[in-house]
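Please look through the model shown here with its helix packing and its aromatic pairs in mind. The paragraphs after it take these topics in turn.

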Amino acid sequence: MAGVREGGAAQGLRARLAGCSVKAAFALYAAGALAAALVLSIVSSGVFGLLAQTTLSDDPYAYSGTFVFDEGSNSLVPAETLSWYELSAFDSLYEQGGTEMGADGESLGASAVFLYVEGSARGDAKPISLDDPPAGVPDGTVVDVSWTASVSDVYDESLSFSEIAAYDAAERPARPGFEAALALTEQLPENADGEKPIVSNVGYYVPYPGDSVAYRMTAWAFVASVPVIFVVCLVVAGRRFYRTRIFGPVAAMDSAAQRIAAGDLDFEMSPQRGDELGRLCARFEEMRSELARAKTETWRAAESRRRVNAAFAHDLRTPLTVIRGRAELIGMVSDDDRVLSAASAISRQAERLATYADSMSGLDSLEDASVRPVPVACETLLERIREDARSVAEEYGASLSVSSRGLPPVVEADAAAVLRVADNLASNAARHARSTVEVRLSWEDGALVLEVADDGPGFGDAAARALEPFWRGVKDRAASAGGSDGHMGLGLYVCSVLCARHGGSIKVDDRKGGGAIATATFSAPEVPADSADNGSEDDASEEILYR
């Protein structure tokens, strides 16, 4: 039972850690990394310490410090320094030996006596054999540390191992305290081997030889290992934190974003952790679900609109056929030129309405419309624009002015698209004009430029929104509300789409003298006149796109 309780507690702890926030998880991972780095650094110090000891054959400190020369063993033995006031027996020794005199005959005083006694408080100190010196003690580094003047010329220079015996034999009798050293030797107790400690008035100093290359490399390796251990632990912890807390949610959101961008909404994001990134993934899933729902509704609306358009086109085609037949009959039985002209106009407009109906049943949206540029005679195109604009201007009681500039004989354009744009712009201008509508068709730099202006109130602040679908000005809304106008606010929007399909654009603005002006451009490169099919142009001009 205890094991079951412990297992349940461990699972509960893991579940709590898995559900903690990203910030808390980051703090836990960082604390774990620092704790692991600290433990590994302590272990590393012990390992490198043992490794450093293995690189030392002997302790280099054992062969450094103060030494005296042992003539019997021809070696330097560890020693300590004594002065005359450090030993009570020195008083009698000093009285027996008399006052030491300097070279000028003056007393050197008691402070001139320094003795060096064999022995060292350091337990690791070792003697240095001059016949076979240790490998770690370089030759030529031993110096005399006595404070009194030397009678030799090499006192302030380093001594080699081979020079020490002769140097010691010459220096000891010549220095103060020689007799006191001999007397003190006799009074000191013997050791276990029956030997008395060596007392000398000449001491030698052997400097620390320095660490070996292997030892220094080991020491530097330990120093470098500490930051390396911390960096490695932090990197491992960071990678673990990223893999367990960051990678899954980020990868899920990235994959979802790519599929949504590709238009694929038929998937579900799997639930993630309960932290901040998990909640973000949940919001991502809600967004995807809402987009899928909106896409489905849009598709259904498009299908409904397509069915309505098809039904409208079907119901409109029969009365148009009747109107066209009656117009043709009138043209056949009448000899009046005005009646014949009116019948021709009725027949032509009925044909255009039939084309609109066919377009409504065959296209899903205005953006599906396409243009088919063919060779078109510019004069014929201008005349068709004039005829259509005249009918519109007469309907609204406005005078019409049509002009041209720089038109080549033949250009490559979709006459139906150009005529549709011209008809919409002329209708819009006539509806708002006070008295005059001006239309001008020109050609500049491989493009047809159609300008339609009026002397009405202009666009004003509405110019920025005039090209939006279903947008109408105050006058249009009032007329529509009163039932006197069927304007739906699509004309300028239709023009903008057709111009864009034709490689051009449209812009609207106010004229400086008052009124409004709309400028539409169409990509229409010039072609040789003999390549235009004038016989089929009239038919092509009737293929007016509707949306």
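What follows is a walk through selected helices, a strand and a few side chains.

This is a predicted model, in which local features need pLDDT of at least 70 and side-chain atom pairs count only at pLDDT 80 or more, while totals for chains, interfaces and linings use all residues. Residues are numbered from 1 along each chain as its sequence is written, and side-chain values use heavy atoms, with hydrogens and water left out.

Begin with helix 9 (residues 378-396) and helix 10, which pack at an angle of about 25° with their axes 9 Å apart. Helices here are DSSP runs of H or I with at least four residues, strands are runs of E with at least two, and both are numbered from the N terminus. Axes are lines fitted to C-alpha atoms, for helices over the stretch in contact, and angles run from 0 to 180 degrees between N-to-C directions. The angle makes helix 9 roughly parallel to helix 10; the classes are roughly parallel under 35 degrees, roughly antiparallel over 145, roughly perpendicular from 65 to 115, and oblique for the rest. The crossing of helix 9 and helix 10 is right-handed, a term used if the near helix is turned clockwise from the far one by less than a right angle, with left-handed for anticlockwise. From helix 9, residues including Leu-381, Ile-385, Val-392 and Tyr-396 take part in the contact, and helix 10 contributes Val-418, Leu-419 and Ala-422, among them. Contact means heavy atoms within 4.5 Å. The residues of this contact between helix 9 and helix 10 divide into 12 nonpolar, 1 polar and 4 charged. In that count Ala, Val, Leu, Ile, Met, Phe, Trp, Tyr, Cys and Pro are nonpolar, Asp, Glu, Lys and Arg are charged, and the others, Gly among them, are polar.

Helix 10 (residues 415-432) also packs with helix 12 (residues 491-501), at an angle of about 155° and with the axes 9 Å apart. Helix 10 and helix 12 are therefore roughly antiparallel, and their crossing is left-handed. Ala-417, Arg-420, Val-421, Asn-424, Leu-425 and Asn-428 of helix 10 meet Gly-491, Leu-492, Val-494, Cys-495, Leu-498 and Cys-499 of helix 12. This contact holds 8 nonpolar, 3 polar and 1 charged residues.

Helix 12 is mostly covered, with 9 of its 11 residues buried. Buried means under 20% relative accessible area, exposed means over 50%, and partly exposed lies in between (1.4 Å probe, protein chains only). The buried residues of helix 12 pack against helix 10, strand 13 (505-510) and strand 14 (516-523). After helix 12 comes Gly-503, whose phi is positive, near 75°.

Another buried position is Ser-442, at 0% relative accessibility, in strand 11 (residues 436-444). Apart from neighbours within four places in sequence, Ser-442 is in contact with Arg-405, Leu-407, Ala-447, Leu-448 and Val-449.

Turn now to the aromatic rings, where a search of the whole structure finds 5 pairs. Rings of Phe, Tyr and Trp (its six-membered ring) pair if their centres lie within 6.5 Å, and planes under 30 degrees apart count as stacked, over 60 as edge-to-face and the rest as tilted. The rings of Phe-26 and Phe-241 have centres 5.7 Å apart and planes at 75°, so this pair is edge-to-face. Phe-26 lies in helix 2 (residues 22-54) and Phe-241 in helix 6 (residues 213-261), so the pair ties together parts 215 residues apart in sequence. Ring pairs link Phe-26, Tyr-29 and Phe-241 into a cluster. Phe-241 is buried, with a relative accessible area of 10%, whereas Leu-28 is partly exposed at 48%.
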